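Here is a short briefing to read alongside the coordinates. Have the viewer open and follow the residues as they come up.

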Amino acid sequence: MQNRVKEKKQENGNDVTKALNLCKDARALIRMKKHEQAEPLLLKALAISPENPYVLVALGDVKRMQHQFTTAVQYYQKCIETEPLNPFALSGLGDAYRGAGNLAGAIDIWTQALDAYPDNYLVMTRLADALTKKGELTAARQIYEKAINLNPDDPFALSGLGNLYVRLKAFDLAGPLLEKLVLKQPRNPRAIGALANFYRRQEDYSSAQTLFKKILDIDCRNVYAMDGLADCARGNKEYEK
């Protein structure tokens with residue numbers, strides 16, 4: 001009897017190892033954005049180890065990246081049933097809700113995640129972004145500022161808080177953050193565009209034009225930069241009057 005129990009435990013351990021190895025191979029494919037090739041490996045791993053949290057989260061990630069948000073939600077929720085505080089499942093579930101347009105659901109899940117992991121600045125920036133979209137700017141600002149204090153170089157925190165400061169017309173606070181963002185991502189059109197908008201909002205059209213032109217040097221079809229240059233041209237004419 002004892003031998004049979006021992007053999008069963010060994011068999012279960014071998015199954016978990018097989019599932020994890022398949023998951024590892026699938027993750028490598030996911031990093032290369034080969035989602036369709038990764039999925040069969042993960043389904044095979046799931047068949048071997050149906051409640052394995054690593055496999056469930058990986059499947060949720062694949063489905064989310066394929067914009068199959070309903071299925072992604074199901075995988076993340078199944079993981080959470082077994083591990084209610086799994087940080088990757090909570091974060092992924094929030095992302096899937098956001099992708100599906102369920103902003104309230106995303107905010108609820110990310111709030112739960114921060115209650116469990118209060119120093120997770122990656123979740124902070126997601127939550128603050130969602131609150132900004134809802135117009136809850138004071139709450140968003142507090143969370144962004146906490147994220148910046150935890151990681152002053154995080155590009156999502158720099159961008160989110162910098163843009164929020166611009167929206168609040170706190171230009172003295174916005175400038176250093178957006179300039180730092182561009183220094184860290186000098187060829188990122190979105191980062192450059194945020195700084196260009198900062199200057200445009202203050203009617204510094206010359207500085208804004210320089211940055212919009214820089215975006216077009218990187219991406220000659222960037223519509224945001226084209227529109228920005230047109231706005232600056234109109235602003236300059238109004239200023240000259």
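The points below cover the core, the aromatic pairs, the surface patch and the salt bridges. Please keep in mind that this is a predicted model. Its largest nonpolar core has 73 residues, and a search of the whole structure finds 12 salt bridges.

- Leaving aside residues up to four places away in sequence, F198 touches V166, F171, A174, G175 and L178.
- As general background, nonpolar side chains in soluble globular proteins tend to be buried together.

**Aromatic pairs**
- The structure contains three aromatic pairs.
- One of them joins F212 and Y224 edge-to-face, at 5.9 Å centre to centre and with 65° between the planes.
- F212 sits in helix α12 (residues 205-218) and Y224 in helix α13 (residues 223-240), so this pair ties together parts that are 12 residues apart in sequence.
- F212 is buried, at a relative accessible area of 0%, whereas Y224 is partly exposed at 39%.
- Ring pairs also link F171, F198 and Y199 into a cluster; F171 is among the residues that F198 touches.

**Surface patch**
- V16, L20 and Y54 make a nonpolar surface patch of about 280 Å².
- Y54 belongs to helix α3 (residues 53-65) and is exposed, with a relative accessible area of 57%.

**Salt bridges**
- In helix α8 (residues 137-150), E145 and R141 are four residues apart, about one turn of the helix. They form a salt bridge whose closest N and O atoms are 3.0 Å apart.
- Both partners are partly exposed: E145 has 26% relative accessibility and R141 has 29%.
- D153 and K184 meet through their side chains in a salt bridge of 3.7 Å, N to O. This pair links distant parts of the chain, 31 residues apart: D153 is in the loop between α8 and α9, and K184 is in helix α10 (residues 171-184).
- D153 is partly exposed at 37% relative accessible area, and K184 is partly exposed at 45%.
- D231 and R234 form a salt bridge with an N to O distance of 2.1 Å. They are three residues apart in helix α13, so about one helical turn separates them.
- D231 counts as partly exposed, at 29% relative accessibility.

Note on methods: Residues are numbered from 1 along each chain as its sequence is written. This is a predicted model: local features need pLDDT of at least 70, side-chain atom pairs count only at pLDDT 80 or more; totals for chains, interfaces and linings use all residues. Side-chain values use heavy atoms; hydrogens and water are left out. Rings of Phe, Tyr and Trp (its six-membered ring) pair if their centres lie within 6.5 Å; planes under 30 degrees apart count as stacked, over 60 as edge-to-face and the rest as tilted. Helices (H or I, at least four residues) and strands (E, at least two) are DSSP runs, numbered from the N terminus. Buried means under 20% relative accessible area, exposed over 50%, partly exposed in between (1.4 Å probe, protein chains only). Patches are made of residues with over 30% relative accessible area and no salt bridge: like charges are joined within 9 Å, nonpolar side chains (Val, Leu, Ile, Met, Phe, Trp, Tyr) within 5 Å. Accessible areas come from the Shrake-Rupley method with a 1.4 Å probe; for residues, only the protein chains shown count as cover. A salt bridge is a side-chain nitrogen of Lys or Arg within 4 Å of a carboxyl oxygen of Asp or Glu. A nonpolar core is a set of buried Ala, Val, Leu, Ile, Met, Phe, Trp, Tyr and Cys residues joined through side-chain atoms within 4.5 Å. Contact means heavy atoms within 4.5 Å.
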